[in-house]
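Have the viewer open as you go through the points.

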Amino acid sequence: GEGRYPLPSGAPWAKPKELWALANAHFDAHNFVVATSGFKPVTYTGNSGNQTIITNTAPDLVWIKKRSGDQDYFAFDSVRGKESELYPNQNYLAGTTTRMGDFLDNGFVITDTDMNNSNETYVAWTWSASDTTVSNTDGSIDSQVRAGNGFSVVTYNGQNSTGTVGHGLDKPPEFMIVKCVTGTDDDWQIYHSSLGPDYRIRLNK
């Protein structure tokens, strides 16, 4: 509901591990467009060194994919910090990294050739929420939330039981992506309001 979302008992996103979630209250399911003023996609060409990518926004989620070859996706968020990376096409746990140099007020810095190899082309999808991470106690499970522009990044510790988690938005999320980042290598879980709470999609399958 407004302010928090339920976690069914036994669901992968309720496990007693640290979890990471994205909530979006303005997702257009028909056109597959994230309808938020904080969304900014950018393309760039690698240079095998440090490179600043300008988005003219302050991104809280950066999701990168090589366009000119096969390679894993990489995702970083400002709540967990630049040194923790996720792999949206894999079920891996979060990894420790120096690939993301920094989150900036107008973009981000990359420092690794996996995301910046010379003459290779890349796309980065970025979302901006707000400039502050806050503790949220709206649900039965406390969370850390950065919310704004109809979008939020949320971290919480699963309890392996039914519960609710605060998301910081002013309306129920229509689209959520959830990933267990510690513990076991669980699949990415996707909820969409058009499917309802009884169905989910696995992002990495």
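Predicted model: local features only at pLDDT ≥ 70, side-chain atom pairs only at ≥ 80, totals over all residues.

1. Now the pairs. Searching the whole structure turns up 7 aromatic pairs. One of them joins phenylalanine 39 and tryptophan 127 in a tilted arrangement, with 5.0 Å centre to centre and 40° between the planes. Since phenylalanine 39 belongs to strand β5 (residues 39-45) and tryptophan 127 to strand β13 (residues 121-127), the pair ties together parts 88 residues apart in sequence. Both rings are also members of one aromatic cluster, made up of Phe39, Trp63, Trp127, Phe151 and Trp188.

2. What is the geometry of the pair between phenylalanine 74 and tyrosine 87? Edge-to-face, at 6.2 Å centre to centre and 65° between the planes. Phenylalanine 74 is in strand β8 (residues 74-77), while tyrosine 87 is in the loop between β9 (81-86) and β10 (95-96), 13 residues apart. Both are buried.

3. Lysine 65 is worth a click: its charged end sits over the ring of tyrosine 73, 5.4 Å from the centre.

4. Last, the sheet. Three strands make an open, antiparallel sheet in the order β6-β12-β11, and β6 (51-54) and β11 (100-104) are its edge strands. The twist from one strand to the next averages 15°. β11 and the antiparallel β12 (residues 107-110) are joined by 4 bridges, and leucine 104 stands opposite glycine 107 in β12.

Terms used. Residues numbered from 1 in each chain as written. Heavy atoms only, no water. Pairing = 2+ DSSP bridges. Helix = DSSP H or I, 4+ residues; strand = E, 2+ residues; numbered from the N terminus. Axes fitted to C-alpha atoms, helices over the stretch in contact; angles between N-to-C directions. Phe/Tyr/Trp six-rings, centres within 6.5 Å; stacked < 30°, edge-to-face > 60°. Buried < 20%, exposed > 50% of the residue type's maximum accessible area, 1.4 Å probe, protein only. Lys NZ or Arg CZ within 6 Å of the ring centre and 35° of its normal.
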